[in-house]
Amino acid sequence: MLNTKSAEKVFPVMSAYGRFPITIVKGKGSYVWDDTGKKYLDYTAGIAVLALGHVPDAVEAVLKKQLDTLWHCSNLFHIASQEKLAAMLADLSCCDQVFFCNSGAEANEAAIKLARRYAHLIKHKENGHIVTFEHSFHGRTIATLTATAQKKIQDGFGPLVPGFRYLPFNSEEAVQAIAEDSDCIAVMLEMIQGEGGVLPADKPWIEALAKVCGEKGILLIVDEVQTGIGRTGTLFAYEQYGIEPDIVTVAKALGSGIPIGAVLAKKAVSQVFTPGTHGSTFGGNPFATAAGVATLETFKKQNVLEQCRKNAASLTEKLNGLKKKYPGAIKEVRGKGLLIGVETFAPAIEWVNQLREEHRVLVLTAGKNVLRVLPPLVTNEAEIGYFTEALDKVLGN
Ligand code: PLP
């Protein structure tokens, strides 16, 4: 046991994140303000969380009411907003039932547990594995970082969890390997690898993968934590690939910033979660699920998917214009909807810092050479113009 507290005064928060040198104290729409009063255009959207922007009026009104009514009650009781949100998600997806939790990693944990239990109980396979893909990202818990086929995420955390096999993304070889793998119980993937560098899956590859999974009774799990709830222009990115996964995970944008995650599954799979097999104290609590219901209702009322597609077309066109203007700086503009990656020749962090310091625009990287642009889905032409003009000035320097 290390029984002495540090003699030095230490920063009280663990240093697990590299942080930008600003403290954000307020947000509204596409903008945030720091503690010195400076206003920034926020094209990080809390890493694909704030689809409706910061503190959207419709969700705010519902949550203010919820604050006066009920904050929490356990899953030992029925929770009306949880049941309503589950019904909405089931209606809007290819799945039948929903389990709620608090984050993307937790949703993927639940998906892994569902797939394993389905294999045990229905397929009588106790030692099968789940295939995931190189450059994927599925979370930071021990099982989900094992699922994440990136060495830098796993380093120093062994022993990892058994039962995963990694294959190359977008590769015909991978489809063949799965076809020949009698121990594969599930395939888990992102339709666009977000953290891995904004790498979209090829449609023919997904079709081939889904076909093999269908033929062999292998479960198809789609991680829509980053792509889901409208980010790519459809509620779920899988819709654009013409497939119907067995399990879908969501989190990030579902609660407009209130922590929530969910795993959706077809009844044939979800039936294996019987009372006592899985749980989460806060999962699906009244406050978080009220935020989820209000978020989805706002999507419908404000035609948010339509807004996303329109904004995405304009932003992508302008970014492609910059690629043409600066062929030595921008290698590629890719992604779907408003999950956009701009691949750079130089380290993307330099642009991120210049955009923040010189133009008060916040954007992210995805890996070393990709600028990740994640506006609220409800951004507008003026904001898109401001952002692309700022980037033009940075590139023209
Ligand atoms: N899956 C994907 C595709 C993600 O992008 C992320 C987070 O970035 C996660 C899972 C993990 O989500 P969370 O950070 O909410 O645990």
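**View 1. Tyr-43 and Phe-387 are both buried.** Buried means under 20% relative accessible area, with exposed over 50% and partly exposed in between (1.4 Å probe, protein chains only). This is a predicted model: local features need pLDDT of at least 70, side-chain atom pairs count only at pLDDT 80 or more, and totals for chains, interfaces and linings use all residues. Residues are numbered from 1 along each chain as its sequence is written, and side-chain values use heavy atoms, with hydrogens and water left out.

**View 2. The rings of Phe-169 and Trp-205 make an edge-to-face pair.** Rings of Phe, Tyr and Trp (its six-membered ring) pair if their centres lie within 6.5 Å; planes under 30 degrees apart are stacked, over 60 edge-to-face, the rest tilted. Here the centres are 5.2 Å apart and the planes stand at 70°. Phe-169 lies in the loop between strand 6 (164-167) and helix 7 (172-179), and Trp-205 in helix 8 (residues 203-216), so the pair ties together parts 36 residues apart in sequence. Helices (H or I, at least four residues) and strands (E, at least two) are DSSP runs, numbered from the N terminus. Both Phe-169 and Trp-205 are buried.

**View 3. Two lysines sit over aromatic rings.** The charged end of Lys-26 is 4.5 Å from the ring centre of Trp-33. Lys-39 lies over the face of Tyr-31, 4.4 Å from the ring centre. A charge counts as over a ring if NZ of Lys or CZ of Arg is within 6 Å of the ring centre and within 35 degrees of the ring normal.

**View 4. The largest pocket lies between two domains.** Domain 1 (24-55 + 304-396) and domain 2 (57-301) both give residues to its lining, so the pocket lies between them. Domain bounds come from an automatic or database domain assignment. A pocket is an open set of points on a 1 Å grid over the protein atoms alone, where a 1.4 Å probe fits, with protein on both sides within 12 Å along at least five of seven lines; lining residues have an atom within 4 Å of a point. The lining has 49 residues, with Tyr-17, Gly-46, Ile-47, Glu-195 and Lys-252 nearest the centre.

**View 5. Gln-82, Val-98, Phe-99, Phe-100 and Phe-273 lie closest to the centre of the second largest pocket.** In total, 27 residues line this pocket. Helix 3 (80-92), strand 4 (97-101) and strand 12 (261-265) each give two or more of them.
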